[in-house]
Amino acid sequence: MGYFKEIWNTASSVFEGMVVTFSYLFKDPITVQYPDRMERPLEETLPEGYRGTLSVDIETCTSCGNCMRACPIDCIDLKGAKTERKKGLTLIYFNINIAKCMYCNLCVEACPTKPSSIFFNKSFEGSTSSVMDLVLKFVPDAEVRIRQQEADELELKKQREAAVAAEAQG
Ligand code: SF4
Ligand code: SF4
């Protein structure tokens, strides 16, 4: 009896599968002629929450480092330091090695700003001939040098002031 039941189960599951397959014979084909014959840019058709490439809004980022600490595989490298540019920390550099990223979203969830300063955009055309191009630098190199210099100058100024205060005391 079990033998015939197995034959029946096999035949019915094959039939169910083929019903789905054959149903496509009667539907119009859907062909997406990417990238040059799209009615609208493909990015606009992607669903909410789609994880393309990580991006950072360096204007709203507070340099808190939560995202860097949350990343389980150390994709994120950033530095914040005091400068006279603004209250709080100034972002000196913010790099993400997108070649290592596994798109887990943990960094985005850890960001305290609303909306999150680190987020996934919808871009997906990231192919390159050099893996070094996959280290995304959100503060340009020239700007990194300027910001670092400002941080060093402020540090020196504080040290000089502390030395003067110490001398005055004794
Ligand atoms: S998505 Fe995940 S792996 Fe990628 S940078 Fe964020 S925490 Fe790291
Ligand atoms: S968690 Fe958000 S605010 Fe903090 S360093 Fe990362 S991106 Fe900037």
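This is a predicted model: local features need pLDDT of at least 70, side-chain atom pairs count only at pLDDT 80 or more; totals for chains, interfaces and linings use all residues.
1. Now for the ligands. Ligand 1 has 14 residues around it, the closest being Cys-71, Cys-75, Cys-101, Cys-104 and Cys-107. Its shell divides into 13 nonpolar residues, 1 polar and no charged.

2. Around ligand 2 there are 14 residues, and the closest are Cys-61, Cys-64, Asn-66, Cys-67 and Cys-111. This shell holds 8 nonpolar residues, 6 polar and no charged.

3. The C-alpha atom of Arg-69 is 8.1 Å from that of Cys-107, although the two are 38 residues apart along the chain.

4. On to the strands. β2 (residues 76–82) pairs with β3 (residues 89–97) in the antiparallel sense through 7 bridges, with Lys-79 opposite Tyr-93 of β3. The two strands form a hairpin with 6 residues between them, and Gly-88 in the turn has a positive phi of about 75°.

5. β3 is also joined to β5 (residues 135–137) by 3 bridges, again antiparallel. Here Asn-97 has Val-135 in β5 as its bridge partner.

6. Some backbone details are worth checking by eye. Most residues other than glycine have a negative phi, and most peptide bonds are trans. Ser-63, in the loop between β1 (54–56) and α3, has a positive phi of about 60° without being a glycine. It is partly exposed, with 18 other C-beta atoms within 10 Å. Asn-105, in the loop between β3 and α4, is not a glycine either, yet has a positive phi of about 80°. Asn-105 is partly exposed as well, with 16 other C-beta atoms within 10 Å.

7. Finally, the cis peptides. The bond from Tyr-34 to Pro-35 is cis, with omega near 5°, and Pro-35 belongs to the loop between α1 (2–23) and α2 (42–45). The bond from Lys-114 to Pro-115 is cis, with omega near -5°; Pro-115 lies in the loop between α4 (106–110) and β4 (118–120).

Key. Residues are numbered from 1 along each chain as its sequence is written. Chains are lettered from A and ligands numbered from 1 in the order in which they are written. A residue is near a molecule or strand if its C-beta atom, placed from the backbone, lies within 6 Å of it. Ala, Val, Leu, Ile, Met, Phe, Trp, Tyr, Cys and Pro count as nonpolar, Asp, Glu, Lys and Arg as charged, and the others, Gly among them, as polar. Two strands pair if DSSP finds at least two bridges between them. Helices (H or I, at least four residues) and strands (E, at least two) are DSSP runs, numbered from the N terminus. A residue is buried if 20 or more other C-beta atoms lie within 10 Å of its own, exposed if 12 or fewer, and partly exposed in between; C-beta atoms are placed from the backbone.
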